[in-house]
Amino acid sequence: MEPSTTPLEPEPATLREDELFLDDPQKEEKRKERRKSILLLVLLITCAVSFTMCAVFIPMIILWTRPPVSGLTPSFVIFTDPHIDAKYADGTATTCTDSFICCRNGTGDAGYWGSGNAEHQYNCDIPDRTMYAAVDNAGDRWDAHDIRGLVNITHVLFLGDAQAHTEDYEQTRELVVERMKTAFKLITDRFPSLPAIPILGNHDTTPYNQMGWGPEWSWLYDG
């Protein structure tokens, strides 16, 4: 019986289970993580043996393990403290004694976009349209590269205080949440390609200036 002349096929390389679905960049990343873990273990052992050697190695470890620098400098479009008054009315009085804020009643010089008085005292908040116009103007400049040409905008920040300077009894939880959502949606709709970050101001709660943690504040943080 003649021996078989069929060449033997090499056995396929055996891959570990965690490598079966990894492409080369992923494998390299996993190898880097393993090396870091080993190095950190060595550091812990070194620190246990000698404090002096530990003090020498720690800066080296920090430099070696820190993430690569992206080279991107973050820049922000910022909107803050609009204090929108749904009851604002142009042509009303800019000074008043019957209300916590003015430009709601009487006859006076309250302007279309907002107003102070002759003594430059700003007793009024602004109407919705002023906030809309400000965001829209910034968006138009963004579209026309007027802002982008100066800096590379990476994020939009809304620093809160969407509520008017009204007395506490005028502020309900529902109104606080609705006003904040409306103002933030206005911003995200106008800058859809940029990450937007909302931050609560001291007036974005009720009563004012009172915030806390726990289930009793879920209406504010989950709203």
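Biologist: Is the link of Cys 96 and Cys 102 left-handed or right-handed?
Modeller: Left-handed, with -90° about the S-S bond. This is a predicted model, where local features need pLDDT of at least 70, side-chain atom pairs count only at pLDDT 80 or more, and totals for chains, interfaces and linings use all residues. Residues are numbered from 1 along each chain as its sequence is written, and side-chain values use heavy atoms, with hydrogens and water left out.

Biologist: What is the S to S distance from Cys 96 to Cys 102?
Modeller: 2.0 Å, and the two are joined by a disulfide. A disulfide here is a pair of cysteine sulfur atoms within 2.5 Å.

Biologist: And Cys 96, what is its relative accessible area?
Modeller: Cys 96 has 29%, which makes it partly exposed. Buried means under 20% relative accessible area, exposed over 50%, and partly exposed in between, with a 1.4 Å probe and protein chains only.

Biologist: How many disulfides turn up in the whole structure?
Modeller: The search finds 2. Besides the link already described, Cys 103 is joined to Cys 124, S to S 1.9 Å. That link is right-handed, with 70° about the S-S bond.

Biologist: How many bridges pair E1 and E2?
Modeller: There are 4, in the parallel sense. Strands count as paired if DSSP finds at least two bridges between them. Within this pairing, Phe 76 stands opposite His 155 in E2.

Biologist: And how many bridges join E2 to E3?
Modeller: 3, with E2 (residues 155-158) running parallel to E3. Leu 157 is opposite Ile 197 there.

Biologist: Which residues does Ile 199 touch?
Modeller: Leaving out residues up to four places away in sequence, Ile 199 touches Phe 158, Leu 159, Gly 160, Met 180 and Asp 204. Contact means heavy atoms within 4.5 Å. Phe 158 and Gly 160 are also among the contacts of Pro 82, beyond its neighbours within four places, as are Ile 126 and Met 131.

Biologist: Is Pro 82 buried or exposed?
Modeller: Buried, with a relative accessible area of 9%. Pro 82 is in the loop between E1 and H3.

Biologist: Now the rings. How many aromatic pairs does the structure hold?
Modeller: It holds 4. One of them is Phe 79 with Phe 191, a tilted pair at 6.2 Å centre to centre and 55° between the planes. Phe 79 belongs to strand E1 (residues 76-79), while Phe 191 is in the loop between helix H4 (173-190) and strand E3 (196-198), so the sequence separation is 112 residues. Rings of Phe, Tyr and Trp (its six-membered ring) pair if their centres lie within 6.5 Å; planes under 30 degrees apart are stacked, over 60 edge-to-face and the rest tilted.

Biologist: Are Phe 79 and Phe 191 buried or exposed?
Modeller: Phe 79 is buried at 9%, and Phe 191 is buried at 2%.

Biologist: What sits over the ring of Tyr 112?
Modeller: The charged end of Arg 129, 3.9 Å from the ring centre. A charge sits over a ring if NZ of Lys or CZ of Arg is within 6 Å of the ring centre and within 35 degrees of the ring normal.

Note on methods: Helices (H or I, at least four residues) and strands (E, at least two) are DSSP runs, numbered from the N terminus.
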